[in-house]
Structures are given as C-alpha cells and as structure tokens.
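Student: Let us go through this structure by question and answer. Please show the sequence and the coordinates.

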Amino acid sequence: MGQLDNKTALITGATSGIGLATARRFVDEGAHVFITGRRQSELDSAVAALGENVTGIRGDVTDLDDLDRVFAAVTARGQGLDVLYVNAGGGAFATLEELTPEDFDATFGVNVRGTVFTVQKALPVLADGASVIIAGSAAASKGNPAFGVYAATKAALRSFTRTWAAELAGRKIRVNVVAAGATNTPGLAGLAPDPSQAEGLLAMLAGTVPLGRLGHPDEVANAVLFLASDQASFVTGTELFADGGQAQL
Ligand SMILES: NC(=O)c1ccc[n+]([C@@H]2O[C@H](COP(=O)([O-])OP(=O)(O)OC[C@H]3O[C@@H](n4cnc5c(N)ncnc54)[C@H](OP(=O)(O)O)[C@@H]3O)[C@@H](O)[C@H]2O)c1
C-alpha cells in the first residue's frame, strides 16, 4: 500500500530539483501526479523519466492564463485534487544597494504572486480534506547578505500559509510550509554568477549547514510527503524545516 494510493497531486515546477524528486516520490507512493514547468523539453524529459501516472502541462506560474490551463487539465481528469505542492520559485543574489525594481518584481512575481494565484485557482478543484504544501525556505528565518528579496518572498509565503490554513480549515484542507535549507539542485547551483563558480558556491553553502553538507532533494521530498499524507492529518498552519539545522542552530 502506498501512502498516496488513489490520490491526485499537482506539483508546480517539477521538472528539476526538489519538485522532480517529490514527483518521483509521490508516484512511488501511488499518486497520479500533474507536473508543470515553463520549458517543454524539460517537461517531456521529466514525464518520460517518471513513467506512468504522470501528466505534464507546460505553464508559467506568473501567467494567469497558463494557470487556468493547468487547472482545466486537472478538472478534466474528474478526480479533484488531493495534494497541491506549490514549488515553482527561485531567486537571485542582490544586496539592497544593487537591487533593481526589475529584480524585485521578478522574484516577488514568481514566488509570491505565482503562489497566491496558484492556490486561489486551485480552490474549486481541491477536494475537502486536501493537503496544500507551500515551498518556503530556511532563508526566510535568516539574515543572509544579498538574499533579502528572496528571503522576504518566502517569509510572505509563511504568513499566507497561516491565513490560508485558517480560511480553508472549514473544508478540512490543511496548509503547511516545507522550508528547505541549502539543497543540491540545479536551481541552487544556478545562483552562482557563472557556472565556473557553482562548485565554490555549493561548498560555501554546505559549510553553513550544521550537518555539514547540502541537503539531497529526496530529503526535502520526504518532508513534503509527510505533510501530503494522512500521517500529518492533525498538522496545519505550520512550517516544517528540512534544513540540516541551518535556520535552527
Ligand atoms: N535548492 C535549495 O537550496 C532550496 C532551498 C529552499 C527553498 N527552495 C525552494 O524550492 C523550490 C524548488 O527549488 P529547486 O532548487 O528545486 O529549483 P530548480 O532546480 O531551479 O527547479 C525549479 C523548477 O521550477 C520550474 N519553474 C521555475 N520558474 C517557474 C515558473 N515561473 N513557472 C513554472 N515553473 C517554474 C523550473 O522549470 P522551468 O525553468 O522550465 O520553468 C523547474 O522545474 C523553489 O521554490 C525554491 O525557492 C530551494
């Protein structure tokens, strides 16, 4: 028996990194999983790698028409949505002095606006008793130089999670955050100003984790699976850190 047998899940941004690892875990646990991403080629590769019980839908979470298409596809399957993992997101380094309005709008656009309207548009298709998981970050609880805008987007999501958990409690829908620490993904490596500096950046970040290493995407997927499953049936409005102690110690 899988922990997600007969469940339908949607994971935004699931062609890479943590989202892809979570999609694999959900499929292994018996779910039918819808995955999204902007690049068609990456989406096709992910669907091929995940095998059966996966539907790929190309879409950008900052584009409301794309979100409508994603939820139309979920609705068309006719099974509702039991698990929504709002994972698409990212950031870039810029100090307050360097920050441009374009940087600010881009990061808030994907992480905050994208998440808000993903959850809003999911409301009609979410099953009563569904689990919504929001991708937060340990960075939201830290004061890392040059990561302020990203951290603020994830702090905003932590706040929205409390509100949405309260608003949706009447439908027995649980809403929680998984706050990952530095996790070895293409997205993390992509924070380096150029690819030759990626290895040094990842080593530097690993040194900031009390457990002394980067997280593996599967380790974050495990935390997401817990919140998605019935094991977390009395857990809502909370933030689960999978961060090797990065924001704790
Ligand atoms: N890695 C870490 O250390 C870490 C730590 C804490 C939190 N997080 C959070 O975890 C989430 C996943 O991070 P990751 O490191 O796994 O990233 P990643 O390897 O860069 O993967 C990001 C995924 O999201 C998709 N995506 C990006 N922008 C999108 C958009 N506008 N619309 C739809 N899909 C989009 C990407 O595909 P396309 O580019 O094709 O769209 C890709 O599938 C993010 O929210 C991130 O902030 C990561």
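Student: Is Ala146 buried, partly exposed or exposed?

Tutor: This is a predicted model, in which local features need pLDDT of at least 70 and side-chain atom pairs count only at pLDDT 80 or more, while totals for chains, interfaces and linings use all residues. Residues are numbered from 1 along each chain as its sequence is written. A residue is buried if 20 or more other C-beta atoms, placed from the backbone, lie within 10 Å of its own, exposed if 12 or fewer, and partly exposed in between. Because Ala146 has 15 other C-beta atoms within 10 Å, Ala146 is partly exposed.

Student: Where does Ala146 lie, and which residues does Ala146 touch, not counting residues up to four places away in sequence?

Tutor: Helices (H or I, at least four residues) and strands (E, at least two) are DSSP runs, numbered from the N terminus. Ala146 lies in the loop between β5 and α5 (148–168). Contact requires C-beta atoms, placed from the backbone, within 7 Å. Leaving out residues up to four places away in sequence, Ala146 touches Phe93, Ala94 and Thr95.

Student: Why does Thr115 count as buried?

Tutor: Thr115 has its place in helix α4. Beyond four places in sequence, Thr115 touches Val86, Ile134 and Leu157. Thr115 counts as buried because the number of its C-beta neighbours inside 10 Å is 25.

Student: At what angle do the axes of helix α3 and helix α4 cross?

Tutor: Axes are lines fitted to C-alpha atoms, for helices over the stretch in contact, and angles run from 0 to 180 degrees between N-to-C directions. The contact is made by Leu64, Leu67, Asp68 and Phe71 of α3 and by Phe117, Thr118, Lys121 and Ala122 of α4. The axes of α3 (residues 64–77) and α4 (residues 101–122) come within 10 Å, and the crossing angle is roughly 35°.

Student: Which residues are closest to the ligand?

Tutor: A residue is near a molecule if its C-beta atom, placed from the backbone, lies within 6 Å of it. The ligand is surrounded by 31 residues, and the closest are Gly13, Gly17, Arg38, Gly89 and Gly187.

Conventions:
Contact = placed C-beta atoms within 7 Å.
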